Amino acid sequence: MPQGKALMREKLRLFSWNVNGIRAAYKKGLLEWVREASPDILCVQETKASPEQLPKDLLEPQGYHAFWDKADKKGYSGVGVYTRTPPAAVHTGMGISRFDSEGRILRLDFDRFVLFNVYFPNGKKNQERLQFKLDFYDAFLDHIEKLRRTGASIVFCGDVNTAHKETDLARPKENEKVSGFLPIEREWIDRVVAAGYLDTFRLFCSDAGRYSWWDQKTRARERNIGWRIDYVFVCGAMRAQVKDAWILEEVMGSDHCPIGVDLEI
């Protein structure tokens with residue numbers, strides 16, 4: 001298991017947020033929200049920027065270390081992590097060039113767990129991108145399972161781009177043939193759960209009507225016609241350490257909202 005510096009707090013607050021363009025979110029008050037929410041770790045997805053394009057206070061806010069993975073294509077994809085405590089090691093990608101070129105994965109090794117921040121592909125564009133998404137899914141699960149077999153405790157979070165159950169979107173029947181709710185996509189999340197990973201939000205809330213993404217074009221957020229496609233998963237060995245999980249639907253600034261967990265580490 002990776003060795004690193006011990007995190008300072010007994011309770012660690014982790015947030016995940018698809019910001020749909022970190023520079024746009026910055027202009028909408030991202031750093032003000034960070035100061036108020038005071039996460040120990042914040043994982044952001046769909047940054048759509050290279051580090052050299054970011055203002056200094058966004059590149060490394062006071063009190064945080066920042067790490068980035070960017071796509072080869074400008075203005076596309078990308079992930080970042082802000083953390084109060086520096087990790088022992090940071091890795092990008094999975095070692096598979098067709099996936100890694102899109103800047104979708106950051107891995108941070110801490111002393112008691114390994115964190116993956118992931119922006120999973122969207123499959124709506126065409127059949128080719130759907131297959132890319134499914135291949136990415138399979139490769140990622142294989143990747144974390146190999147690591148878990150070494151004794152590592154795994155946390156992974158991000159925009160999975162699929163709603164798991166009918167309770168995870170407002171209109172399941174109308175979307176049965178839409179990427180993001182296809183049986184083959186949902187089956188992958190079934191496999192994740194069967195492998196022993198826990199959907200932390202569902203440990204605390206079984207209610208329908210709790211979503212993390214809304215279509216901006218149709219003003220769906222005002223009517224709460226949404227999808228829960230953002231997740232924090234932990235391996236089963238960490239179940240007792242998960243103390244709370246939430247979705248912050250009231251936080252604006254993106255077509256997604258922040259989600260998070262409290263972990264006792």
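How many bridges join β2 to strand β4 (residues 79-83), and do they run parallel or antiparallel? There are 5 bridges, and the two strands run antiparallel.

## Basis of the model

This is a predicted model, in which local features need pLDDT of at least 70, side-chain atom pairs count only at pLDDT 80 or more, and totals for chains, interfaces and linings use all residues. Residues are numbered from 1 along each chain as its sequence is written, and side-chain values use heavy atoms, with hydrogens and water left out.

## Overall form

The protein chain has 7 helices and 14 strands. These are DSSP runs numbered from the N terminus: H or I of at least four residues for helices, E of at least two for strands. The radius of gyration is 17 Å, close to the 18 Å of the globule rule for 265 residues, so the chain is as compact as a globular protein of that length. The radius is taken over C-alpha atoms, and the rule is 2.2 Å times the number of residues to the power 0.38. Along its principal axes the C-alpha trace spans about 50 × 40 × 35 Å.

Of the 265 residues, 55% count as buried. Buried means under 20% relative accessible area, with a 1.4 Å probe and protein chains only. Contacts are heavy atoms within 4.5 Å. Among contacts between residues at least 6 apart in sequence, 72% join residues at least 24 apart.

## Strand β2

Two strands pair if DSSP finds at least two bridges between them. Strand β1 (residues 11-18) runs parallel to β2, joined by 5 bridges. Here W17 has V44 as its bridge partner. Towards β4, the bridge partner of L42 is Y82.

## Strand β7

Strand β7 (residues 114-119) is mostly covered, with 6 of its 6 residues buried. V114, F116 and V118 lie on one side. L115, N117 and Y119 lie on the other.

Strand β6 (residues 105-109) runs antiparallel to β7 over 5 bridges. The two form a hairpin with 4 residues between them. Strand β8 (residues 154-159) pairs with β7 in the parallel sense, over 6 bridges.

Technical notes: Buried means under 20% relative accessible area, exposed over 50%, partly exposed in between (1.4 Å probe, protein chains only).
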